[in-house]
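User: I have a structure open and would like to talk through a few of its local features. Could you take me through them as I ask?

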Amino acid sequence: MIAFLRRLFRNRLAGLGAVTFAAIVLFVVVTPLLPLPDPNATATADRFMRPFSEGHPLGTDHLGRDLLARLAAGTRLSLAVGVAAALIAATIGSAIGIVAGYFGGRIDNVIMRGVDMLMAFPYILLALAIVAALGPGLMNALIAVAAVNVPFFARNIRGITVGLAGREFVDAARLSGMGHTRIILSELLPNVLPVIVIAMSTTVGWMILETAGLSFLGLGSQPPQADLGSMLGEARSALITHPHTSVVPGLMIFFIVMSINLLGDGVRDALDPRLRSGALSRPRAMTEVKREDPVPAPTDDLLALQDLHTQFHVGDRVLRAVDGVSLTVAPGECLGIIGESGSGKSVTALSVMGLVASPPGLITGGAVRFRGEDLVGAPYERLRQARGDRVAYIFQDPLSTLHPLYRVGDQLAEAIRAHHKVAAKEARARAVALLRDVRIPNAESRLDDYPHEMSGGMRQRVGIAMALANEPDVIIADEPTTALDVTVQAQILSLLDDLRRDRGLAIVFITHDFGVVAQLCDRVAVMYAGRIVEEGPTGAVLNAPAHPYTRRLIACVPELGQGRRELAAIPGLPPTLDDLPAGCAFAPRCEKARPACSAAPIPLEGSGRRAVRCLYPETRPEEAA
Ligand code: ADP
Ligand code: MG
């Protein structure tokens with residue numbers, strides 16, 4: 001709640017709206033306690049007194065009634081009617097929408113055609129017709145305004161429910177034997193509630209205006225009862241001679257509607273989960289960079305990460321997801337990055353091309369050098385040129401990275417044509433060749449498939465083909481085989497292996513599986529809590545792990561044909577990234593830890609290519625090398 005208010009007030013206009021609206025509510029709540037005159041007491045001798053006259057701070061109207069008292073009473077009534085209408089419309093409309101969206105089929109059809117019929121009438125005419133049928137009066141105006149707004153909620157909520165009702169968690173609830181009512185109340189309602197709140201906050205102002213409109217026409221509140229609309233209506237004839245009688249209720253309507261709209265916009269932004277995590281702006285096309293320390297000097301590696309720091313600034317918390325990572329990879333080489341989930345592997349990979357979402361992402365130090373050129377400070381256009389052309393990515397979930405509505409051939413051609421001017425026909429020929437390269441049978445006919453017509457393994461191959469489309473120098477593969485079964489995984493790995501041998505491709509292969517590392521990688525870097533804790537040639541690290549964490553990770557891998565063996569899970573959990581210990585981050589989970597481990601930062605030390613960040617390593621890297 002506090003966090004919500006803080007987000008809300010970060011948006012100045014929304015804050016202004018909130019303060020204004022709170023002041024108006026305070027005004028209508030407090031005024032009955034003040035010694036104001038009766039709002040309906042007429043005094044013909046005091047007609048049309050100007051504002052600031054004795055006893056009447058806002059003056060009087062054409063019947064000599066005190067305007068301040070009438071304003072207080074009228075505002076109270078208008079607010080109450082407007083908010084009540086909004087609540088009624090939201091409740092009925094959302095209920096209709098959820099039921100229609102959840103059940104679908106004929107129920108949906110019947111309900112929504114009814115709603116469509118309501119929507120086919122001009123808004124205000126429908127309200128007028130309802131009031132005409134029910135007779136004038138504030139209560140009937142309320143009913144009319146609520147009824148007119150029901151379709152708006154029903155349409156909105158139905159659309160969202162249809163999307164949600166097909167999702168896995170609803171299926172899971174069904175499979176667990178929940179009834180329709182339970183599913184609607186416990187699975188769907190919590191998910192659409194934010195949308196209902198947002199829709200309401202943006203329509204309350206509108207409904208207050210509509211109620212005022214009906215009263216203005218004499219169909220709402222009946223004399224002598226005051227609401228803002230009827231006050232305006234009564235003041236109309238004296239608009240020129242005594243403008244203050246119109247200006248007073250007019251300004252009040254203006255302030256109410258403006259404040260509610262500003263507040264509604266703010267509420268919408270503050271409830272949007274994508275905006276929740278940072279400042280009130282959408283993520284940019286490249287990661288923000290704010291480096292204070294000097295940038296490390298260039299090297300002649302193909303790709304070098306030099307002391308890279310990537311952080312997430314969420315509210316006042318600073319999550320150090322990548323905390324001083326240095327890595328290099330040479331042409332034709334495969335570097336493995338391994339670590340538990342959440343250790344910062346993906347963020348490291350995304351930082352290379354400035355793909356970490358900003359906000360909240362921020363690169364605070366170090367450099368990423370591609371052929372000596374620093375990509376961290378590079379302008380967006382330079383990054384755009386290199387992305388997918390010189391440095392390509394393969395992601396974990398091929399279904400979410402392929403566009404569901406385009407044929408895979410078109411997507412491959414697009415990947416090529418984003419970087420090179422080639423004719424459509426030529427791009428298509430290239431696409432066929434690429435699909436053959438990744439060993440998709442019947443490449444020519446498969447080109448016209450949609451992603452959903454392919455199996456998981458084929459989609460992942462298409463993902464790899466896309467990464468290969470422009471013959472990149474480096475491929476960064478982020479757990480590309482996690483979603484695949486073992487036979488397909490083996491095929492994909494041997495495919496990548498061939499590619500690097502044939503084309504001299506450099507591969508950065510991210511995984512949490514030592515088995516995969518052993519098959520594919522020349523060197524491996526072990527990550528824990530945003531830091532490299534051990535690095536070395538794959539064989540050396542696997543045979544003689546130096547860091548206790550590496551040893552425990554390897555011990556977690558089951559071995560076939562080794563009989564039954566105790567699988568040693570690592571006790572404890574990785575640390576939270578906004579509160580990293582000064583020393584070794586693994587110390588709390590390490591049985592060899594001694595006080596010195598937690599006292600001070602521990603450097604990554606080693607000789608040659610083998611290095612470890614540990615005071616009491618299992619083997620000395622010098623001996624193992
Ligand atoms: P993995 O090693 O499993 O790939 P990641 O690199 O994805 O881990 O994540 C590293 C850490 O950064 C995690 O603790 C994660 O919670 C955090 N993180 C990732 N993306 C964001 C984000 N957009 N906002 C805040 N924290 C994030
Ligand atoms: Mg990841």
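User: Which residue in S11 does Arg523 stand opposite?
Analyst: Arg523 stands opposite Pro537 in S11. Please keep in mind throughout that this is a predicted model. The two strands concerned are S10, covering residues 523–528, and S11, and they pair in the antiparallel sense over 6 bridges.

User: What happens in the hairpin of S10 and S11?
Analyst: The hairpin has 2 residues between the strands, and Ala529 takes a positive phi near 50° there.

User: And which strand is joined to S11 by 2 bridges?
Analyst: That is strand S13, residues 610–612, which runs antiparallel to S11. In that pairing Glu535 stands opposite Ala611 of S13.

User: Which strands pair with S5, and in what sense?
Analyst: Strand S1, residues 288–289, pairs with S5 in the parallel sense over 2 bridges, and there Val289 stands opposite Ile363 of S5. Strand S2, residues 303–314, is joined to S5 by 8 bridges and runs antiparallel to it, with His309 having Gly365 as its bridge partner in S5. Strand S6, residues 373–374, pairs with S5 in the antiparallel sense over 2 bridges, and Arg369 stands opposite Asp374 of S6.

User: Which residue takes a positive phi in the hairpin of S5 and S6?
Analyst: Arg371 does, with a phi near 50°, in a hairpin that has 2 residues between the strands.

User: Switching to the ligand, which residues come nearest to ligand 1?
Analyst: Of the 13 residues around ligand 1, those that come nearest are Gly342, Gly344, Lys345, Ser346 and Val347. By class, the shell has 6 nonpolar, 5 polar and 2 charged residues.

User: Which helix gives the most to that shell?
Analyst: Helix H12 does, with 3 residues. Both H12, residues 345–352, and strand S3, residues 317–329, supply at least two residues each to the shell around ligand 1.

User: What distances do you get from backbone atoms to oxygen atoms of ligand 1?
Analyst: For Gly342, a backbone N or O atom lies 2.6 Å from an oxygen atom of the ligand. A polar backbone atom of Ser343 is 3.1 Å from an oxygen atom of ligand 1, and for Lys345 the distance from a backbone N or O atom to a ligand oxygen atom is 2.9 Å. Taken alone, ligand 1 exposes 560 Å², and the protein buries 66% of that.

User: Now the backbone geometry: where is the cis peptide bond involving Pro224?
Analyst: The cis bond runs from Pro223 to Pro224, with omega near 5°. Pro224 itself lies in the loop between helix H8, residues 180–216, and helix H9, residues 228–235.

User: What about Phe52, is it buried or exposed?
Analyst: Phe52 is exposed, with a relative accessible area of 79%. Although Phe52 is not a glycine, it has a positive phi of about 65°, and its place is in the loop between helix H2, residues 12–30, and helix H3, residues 67–103.

User: And Asn442, buried or exposed?
Analyst: Asn442 is exposed, with a relative accessible area of 60%. Its phi is near 55°, a positive value in a residue other than glycine, and Asn442 lies in the loop between helix H16, residues 424–437, and helix H17, residues 443–446.

User: Where is Arg459 found, and is it buried or exposed?
Analyst: Arg459 is found in helix H18, residues 456–468, and Arg459 is buried, with a relative accessible area of 14%. Its C-alpha atom is separated by 36 Å from that of Pro571, which is 112 residues apart from it along the chain.

User: Last topic, what does the domain assignment give?
Analyst: The assignment for the chain gives domain 1 as 64–271 and domain 2 as 529–560 + 567–624. Taken over C-alpha atoms, the centres of domain 1 and domain 2 are separated by 60 Å.

Definitions and conventions:
Residues numbered from 1 in each chain as written. Chains lettered and ligands numbered in written order. Predicted model: local features only at pLDDT ≥ 70, side-chain atom pairs only at ≥ 80, totals over all residues. Heavy atoms only, no water. Pairing = 2+ DSSP bridges. Helix = DSSP H or I, 4+ residues; strand = E, 2+ residues; numbered from the N terminus. Domains from an automatic or database assignment. Near = heavy atom within 4 Å. Polar contact = N/O pair within 3.5 Å; in protein donor to acceptor, adjacent residues only side chain to side chain. Areas by Shrake-Rupley, 256 points an atom, 1.4 Å probe, with all protein chains shown as cover. Nonpolar A, V, L, I, M, F, W, Y, C, P; charged D, E, K, R; others polar. Buried < 20%, exposed > 50% of the residue type's maximum accessible area, 1.4 Å probe, protein only.
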